[in-house]
Amino acid sequence: MLSKIERVSLGFFPTPWQELKNLSDYLGGPRIFTKREDQSGLALGGNKVRKLEYILADALAQKADVIITFGAVSSNHARQTAAAAALLGLECQLILTGKEPEQPQGNYLLDKILGAKTFCVRNREVEDTLVRLTADNLKQGKRSYVIPAGGHTILGTIAYIQAYQEIKQQFPFTLDGIITAIGTGTTYAGLYLGSQLDQNRFPVVGISVGGDKSWCASEATKVVQATLQHLDLSVPAMVAMEIYDEYVGEGYTIPYPQVRLAIELLARTEGILLDPVYSGKAMAGLIDLIHKGRFQAGDNIMFLHTGGAPELFTMHRFLSEK
Ligand SMILES: Cc1ncc(COP(=O)(O)O)c(C=O)c1O
């Protein structure tokens, strides 16, 4: 079904998976596995590389010269897009919301190293900046290709249907849950749709890092419906989405002590680095769900490690608090 969709190679796939035995023992809970999307290879990896393999294949087909995308100054998506554009010999322009850091660090520093042009603007200036950049590019005879924030598109969703199928092929056991962070909701939507096309065989659980539950469900539903239409598929009876917004804390990019504890726990039991914005928050949520009995001893679950480690460095103060 997906093999006919163009894909350009940018990273290392299939990404590996491993068992987190020490973590399971520590929690006294289910068998926990992780799929290492953070090991997808391109410029420190992450879940956007898989999406970009489909999205940038489309950009190449459309003869784009410049890739434009959006995100926060701390965006992993922006960094991975900058790296992908560099690899494909395309220009990259990043419209980033937030103050320009006096001393570039984390993802923003990497955007610079990767040669992207960065434009730090206020939220309300994003649209005008986009119009100006595309017009300037056109004047110079360059065709722009615009990727929505986070790669929240049909092709981004298709990438994670493919990831679901990859898990099924790779993994020898039945899974009682695949758990992922929800930012824009594309990763969740693709995995969920993959599961619905497979009679909900491996149920998918989303943990929001910013939006409330109804916003996440509506964003995910929009791309799910658009993707079904694009692929000319239908699923007669979809199970309801399982999404938690109890672990957002005060908001997107604002971590809290349980996130730090989750990051330290994974580091100290498994030698794996999560991040404070996405995978650390999702892991804090998963640990609480295990404590509350949502997943139990005897279950097999897969935590999708979506990457994000560069932001450990910008949040060094929070991470070194006692
Ligand atoms: C490290 C990391 N994890 C998870 C996500 C969430 O992915 P999605 O936007 O597909 O929900 C992102 C998105 O930016 C991310 O950078």
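Reply: The protein chain is divided into domain 1, made up of 17-46 + 152-320, and domain 2, which covers 48-151. The model described here is predicted. Between the C-alpha centres of domain 1 and domain 2 there is a distance of 25 Å. The contact draws on 29 residues from domain 1 and 23 residues from domain 2.

The area hidden at this boundary may be considered next. Domain 1 and domain 2 bury about 2,100 Å² between them, and carbon and sulfur atoms account for 60% of that area. On the side of domain 1, the residues that lose the most area to domain 2 are Leu-42, Leu-155 and Glu-311. Together these three residues make up 26% of what the domain 1 side buries.

Between domain 1 and domain 2 the count is 12 residue pairs in polar contact, with both residues at pLDDT 80 or more. Three helices, α6 (154-170), α7 (186-196) and α11 (311-314), each supply at least two residues of the side of domain 1 that touches domain 2. The largest share of that side comes from α6, with 8 residues. By kind, the residues of the side of domain 1 that touches domain 2 divide into 11 nonpolar, 14 polar and 4 charged.

Salt bridges are counted separately. There are 2 salt bridges between domain 1 and domain 2. Arg-50 forms a salt bridge with Glu-166, and their closest N and O atoms are 2.9 Å apart. Over the whole model, the count comes to 16 salt bridges. One of these pairs is Asp-25 with Lys-21, whose closest N and O atoms are 3.2 Å apart. Asp-25 and Lys-21 both lie in helix α1 (residues 21-27). They stand 4 residues apart there, about one turn of the helix.

The ligand deserves a place in this account. It is surrounded by 14 residues, of which the closest are Lys-48, Lys-51, Thr-184, Thr-187 and Thr-306. A polar side-chain atom of Lys-48 lies 3.1 Å from an oxygen atom of the ligand. For Asn-47, a polar side-chain atom likewise lies 3.1 Å from an oxygen atom of the ligand. A polar backbone atom of Gly-183 is 2.8 Å from an oxygen atom of the ligand.

Phe-13 and Pro-14 are joined by a cis peptide bond, with omega about 0°. Pro-14 lies in the segment before β1 (17-19). Asp-232, found in the loop between α8 (213-231) and β9 (242-244), has a phi near 55°, a positive value in a residue other than glycine.

Methods. Residues are numbered from 1 along each chain as its sequence is written. This is a predicted model: local features need pLDDT of at least 70, side-chain atom pairs count only at pLDDT 80 or more; totals for chains, interfaces and linings use all residues. Side-chain values use heavy atoms; hydrogens and water are left out. Domain bounds come from an automatic or database domain assignment. Contact means heavy atoms within 4.5 Å. Buried area is the accessible area (1.4 Å probe) that two parts lose on being put together, summed over both. A salt bridge is a side-chain nitrogen of Lys or Arg within 4 Å of a carboxyl oxygen of Asp or Glu. A polar contact is a pair of N or O atoms within 3.5 Å; within protein, one must be able to donate a hydrogen and the other to accept it, and residues adjacent in sequence count only if both atoms are side-chain atoms. Ala, Val, Leu, Ile, Met, Phe, Trp, Tyr, Cys and Pro count as nonpolar, Asp, Glu, Lys and Arg as charged, and the others, Gly among them, as polar. A residue is near a molecule or strand if one of its heavy atoms lies within 4 Å of it.
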